[in-house]
Amino acid sequence: MGARPSRRQVPEAPRVTLATLPPELLVQVLSHVPPRALVTRCRPVCRAWRDVVDGSSVWLLQLARDRSAEGRALYALAQRCPADDDHQDEFPFCALARFCLRAPLGRNLIFNSCGEQGFRGWEVEHGGNGWAVEKNLTVVSGAPSQTCFVTSFEWCFKRQLVDLLMEGVWQELLDSAQIEICIADWWGARENCGCVYRLRVRLLDEYENEVVKFSASPNPVLQWTESSCRQGPPY
């Protein structure tokens, strides 16, 4: 009779866990995690993971992995204008982490731009019957909300301060990379009410000294002429 082949148990290979990875491999692994999950889920795991998330290496790898033209440009900027973390006492994360989390380039930095949250985030000065927030008379395609700020028969002002550092742009990037700041706004009138509109923008340094200023005063809309919204060209 033939002998039955022996079945020898092969010892299992030791399991490799993330806790046993050397720091440089841990950085590579965590760099594949989306930015918000890195901060909210990975950072609280342990001290080693916290140190990785609080450092710049994992965020540089995230920028390097974006091979689009914009991604390559951002990575080049990050290398040419390294982030200075002198402001880390004021912000919870390093400058590159804030940049990846907030993604400030290419998005609207104005908070509550259409009044969908009332006047939250705005400092207002009332004239006449004051400011109000109403539904758009006509649908504005592409707007984040179909609401708008409405003035009355005297000058009404509203202003908002945008902290570029808080939005994720670090100081060296502002000073050296020549980032383009685009400004545009929607405005219009009702048919039975004319409209005079002015836009003023100031760029301030960290001491709130004026660096650059810009203003636009389009031609007024006369009463009984039109009732549509128009967008000022990007400036």
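**Salt bridges, patches and cysteines**

Colleague: Let us start with V212: what is its relative accessibility?

Modeller: V212 has a relative accessibility of 47%, so it counts as partly exposed. Please keep in mind that this is a predicted model.

Colleague: Where is V212 placed?

Modeller: V212 sits in strand β7.

Colleague: Which residues form the nonpolar patch on the surface?

Modeller: The patch consists of I181, L203, V211 and V212. Together these residues have about 330 Å² of accessible area.

Colleague: And which residues gather in the patch of negative charge?

Modeller: That surface patch brings together D175, D205, E206 and E208. Of these, D205 belongs to the loop between β6 (199-204) and β7 (210-216). D205 is partly exposed, as its relative accessible area is 31%.

Colleague: Changing topic: how many salt bridges does the count come to?

Modeller: The count is eight salt bridges. In general, side chains of opposite charge can pair when their charged atoms come close.

Colleague: How far apart are the closest N and O atoms of D54 and R43?

Modeller: They are 2.6 Å apart, and the two residues form a salt bridge. D54 lies in helix α3 (residues 47-54), while R43 is in the loop between α2 (35-42) and α3, so the pair ties together parts 11 residues apart in sequence.

Colleague: Are those two buried or partly exposed?

Modeller: D54 is partly exposed at 22% relative accessible area, and R43 is partly exposed at 24%.

Colleague: What about E210 and R202?

Modeller: Their side chains also meet in a salt bridge, with 3.5 Å from N to O. E210 is partly exposed at 39%, whereas R202 counts as exposed at 54%.

Colleague: Which residues are linked in a network?

Modeller: R102, R107 and E167 are linked in a network of salt bridges.

Colleague: Last topic: how many disulfides does the structure hold?

Modeller: The structure holds zero disulfides.

Terms used:
Residues numbered from 1 in each chain as written. Predicted model: local features only at pLDDT ≥ 70, side-chain atom pairs only at ≥ 80, totals over all residues. Heavy atoms only, no water. Patch = residues over 30% accessible without salt bridge, like charges linked within 9 Å, V, L, I, M, F, W, Y side chains within 5 Å. Areas by Shrake-Rupley, 256 points an atom, 1.4 Å probe, with all protein chains shown as cover. Salt bridge = Lys/Arg side-chain N within 4 Å of Asp/Glu carboxyl O. Lys, Arg positive; Asp, Glu negative; His and termini not counted. Charge placed at Lys NZ, Arg CZ, Asp CG, Glu CD. Helix = DSSP H or I, 4+ residues; strand = E, 2+ residues; numbered from the N terminus. Buried < 20%, exposed > 50% of the residue type's maximum accessible area, 1.4 Å probe, protein only. Disulfide = S-S within 2.5 Å.
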